[in-house]
Amino acid sequence: MAADPLFDTAQRVSRAGALAGGLLMLAAAVLVSVDVIVRKLANVTLGGADELAGYALAIGSTWSFAFVLLNRGNVRIDALYHRLSAPLAAACDLLAVLALLAFGGVVAWHGWGVVAQSWARNSHSNSSLAVPLVVPQALWWIGYAWFVACALLLLVRATARVAARDWPAVNRLVGARSIEEDAADELAHARSLQAQGGEGGAR
């Protein structure tokens, strides 16, 4: 498949967003763990750990959606999928992306209303932290907006491949991953780690 700079950029941004979201959730897990330990040992609480963890989970989740979609990591029930003809499988794949785009679009549309309302009212959380709600809500919404943009890009690219009847390319873009693909990726990852270990030992 020919190089696609726009799609490659979407991949890089989504990967960075997923990494940042993962680190944010890891930080929240550490904060909650520390709060639990301190509360058990010293009978005191850090305060706000659960609230911050909730924000981290929401933001980190939305920023991972685009990465999962672009890398075909979403869960599918494919008991019959691999038995379908290539055109029919491609039609199912396009329908799946369209459904995700519609769902994400609805959530992003209503989410923007929530963000705008918090901004207009200068809303703060009802807690000791008094967090300006527009901050976590905006970060959460940006993740959804990026997901919608990536889903739209994916739909356009896949539709073009369907029009060209390039079924292998359609599968690489939006098709369900096969067991063989997963196994090949695991093997490539294992070899990469082994090579890195060999280089470290040589040094």
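Figure 1. Tyr144 counts as buried, at 10% relative accessibility. Buried stands for under 20% relative accessible area, exposed for over 50%, and partly exposed for values in between, with a 1.4 Å probe and protein chains only. The model is predicted: local features need pLDDT of at least 70, side-chain atom pairs count only at pLDDT 80 or more, and totals for chains, interfaces and linings use all residues. Residues are numbered from 1 along each chain as its sequence is written, and side-chain values use heavy atoms, with hydrogens and water left out.

Four aromatic pairs are found in the structure. Rings of Phe, Tyr and Trp (its six-membered ring) pair if their centres lie within 6.5 Å; planes under 30 degrees apart are called stacked, over 60 edge-to-face, and the rest tilted. One of the pairs is Phe65 with Phe147, edge-to-face at 5.9 Å centre to centre and 70° between the planes. This pair joins distant parts of the chain, with Phe65 in helix H2 (residues 49–70) and Phe147 in helix H4, 82 residues apart. Helices (H or I, at least four residues) and strands (E, at least two) are DSSP runs, numbered from the N terminus. Phe65 is partly exposed, with a relative accessible area of 30%, whereas Phe147 is buried, at 6%.

The ring centres of Trp140 and Tyr144 are 5.4 Å apart with planes at 75°, so this pair is edge-to-face. Trp140 and Tyr144 are four residues apart in helix H4, a separation of about one helical turn. Trp140 is partly exposed, at 22% relative accessibility. Phe65, Trp140, Tyr144 and Phe147 belong to one aromatic cluster.

Figure 2. Ser14 lies in helix H1, which covers residues 5–42. With 0% relative accessibility, Ser14 counts as buried. Its side chain has a polar contact with the side chain of Trp146, at 2.9 Å. A polar contact is a pair of N or O atoms within 3.5 Å; within protein, one must be able to donate a hydrogen and the other to accept it, and residues adjacent in sequence count only if both atoms are side-chain atoms. The side chain of Ser14 also reaches the backbone oxygen of Ala10, at 2.7 Å.

Leaving aside residues up to four places away in sequence, Ser14 touches Trp63, Ala66, Phe67, Leu70, Trp146 and Cys150; contact means heavy atoms within 4.5 Å. Of these, Cys150 is buried, at 1% relative accessibility.

Figure 3. Side chains of opposite charge can pair when their charged atoms come close. The count here is two salt bridges, each defined as a side-chain nitrogen of Lys or Arg within 4 Å of a carboxyl oxygen of Asp or Glu. In one of them, Arg157 pairs with Asp4, with the closest N and O atoms 2.4 Å apart. Asp4 is buried, with a relative accessible area of 15%.

In the other salt bridge, Arg39 pairs with Asp35 at a closest N to O separation of 2.7 Å. Both residues lie in helix H1, four residues apart, about one turn of the helix. Arg39 is partly exposed, with a relative accessible area of 45%, while Asp35 is buried, at 5%.

**Figure 4. Leu154 and the largest nonpolar core.** A nonpolar core is a set of buried Ala, Val, Leu, Ile, Met, Phe, Trp, Tyr and Cys residues joined through side-chain atoms within 4.5 Å. The largest one has 23 residues, of which Phe7, Leu70, Leu154, Leu173 and Val174 touch the most other members. Two or more residues each come from H1, H2, helix H3 (86–121), H4 and helix H5 (167–174). H4 gives the largest share, eight residues. Not counting residues up to four places away in sequence, Leu154 touches Phe7, Leu69, Leu70, Val97, Leu173 and Val174.

Figure 5. The structure holds zero disulfides, a disulfide being a pair of cysteine sulfur atoms within 2.5 Å. Cys92 is partly exposed, at 36% relative accessibility.

**Figure 6. Ala102 in helix H3.** Ala102 is placed in helix H3. Its relative accessibility of 45% makes Ala102 partly exposed. Ala102 and Ala120 are 18 residues apart in sequence and 27 Å apart in space, C-alpha to C-alpha.
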